Amino acid sequence: MPRPRSDDKRAAIMAAATRIIAVQGLGAATAAIAKEAGVSNGSLFTYFDTKADLLNQLYLELKGEMRAAALGGLPAADARTQLLHMWSRWMDWATAAPLKRRTLAQLQVSDEITASTHESANRTMTGIGEILERGRANGPMRDAPAALVFALSHALAEATIDYIIGDPDRADEHKQSGFDALWRMIG
């Protein structure tokens, strides 16, 4: 009879995978992840059928966590105010969780992440996309493809996060400067 799955063990595997992938990359062995999680390699495969399954689930979990951070406490306000709130919370999450950010960046471009997982992650990020869409409705990029606007916004966010990490004493200033650039681009 198979052993029942433990939410705590699954969480330990996901946390270990985040740490190991951030340091060793996507080629890290599942045995290293299992060891870091304090479970046997066989136990890891009780929770995830394959390494690819683990990576896809980790990607969805990290995207969901990022979304929850960005949209948490979202005020009922105009698009600019909501976008600033979302931007600030995204910066806070990314700078407080650099290993998650690094792992998410690697997973984003991995061939192991399936098209259906990318589609699911995109659906998870719908609230963020809706705020960006409202923010650009009357701006200079209103006619640009949404995917281009999202890619440019993401690149600007990543650059801002890098500056915040490199100069934490001026984090608020960098966060505001990045947002000002975003708003000039889309608002």
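**Close-up views of a predicted model**

**View 1. Ala-12 is partly exposed, because its relative accessibility is 25%.** The cut-offs behind this label are under 20% for buried and over 50% for exposed, with partly exposed in between. Like the other views, this one shows a predicted model. Ala-12 belongs to helix 1, which covers residues 7-24. Ala-34 is 22 residues away from Ala-12 along the chain, and a distance of 9.0 Å separates the C-alpha atoms of the two residues.

**View 2. Helix 4 and helix 8 cross at roughly 45°.** The axes of these two helices come within 9 Å. Angles under 35 degrees would count as roughly parallel and those from 65 to 115 as roughly perpendicular; helix 4 and helix 8 are therefore oblique to each other. On the side of helix 4, the contact is made by Arg-67, Ala-70 and Leu-71, which meet Gly-127, Ile-128 and Ile-131 of helix 8. By class, the residues of this contact are four nonpolar, one polar and one charged.

**View 3. The largest pocket has a volume of about 580 Å³.** Its lining consists of 23 residues, and those closest to the centre of the pocket are Lys-63, Met-66, Trp-90, Met-125 and His-154. Sorted by class, the lining of the largest pocket comprises 14 nonpolar, six polar and three charged residues.

**View 4. Helix 9 gives the most to the lining of the largest pocket.** Five residues of the lining come from helix 9, which spans 146-166. At least two lining residues each are supplied by helix 4 (51-71), helix 5 (79-96), helix 6 (98-108), helix 7 (115-124), helix 8 (126-136) and helix 9.

Technical notes:
Residues numbered from 1 in each chain as written. Predicted model: local features only at pLDDT ≥ 70, side-chain atom pairs only at ≥ 80, totals over all residues. Heavy atoms only, no water. 1 Å grid on protein atoms, 1.4 Å probe; cavity = no way out; pocket = protein on both sides within 12 Å on 5 of 7 lines; lining within 4 Å. Points joined across faces, edges and corners; volume = space filled by probe spheres on them. Helix = DSSP H or I, 4+ residues; strand = E, 2+ residues; numbered from the N terminus. Nonpolar A, V, L, I, M, F, W, Y, C, P; charged D, E, K, R; others polar. Axes fitted to C-alpha atoms, helices over the stretch in contact; angles between N-to-C directions. Parallel < 35°, antiparallel > 145°, perpendicular 65-115°, else oblique. Contact = heavy atoms within 4.5 Å. Buried < 20%, exposed > 50% of the residue type's maximum accessible area, 1.4 Å probe, protein only.
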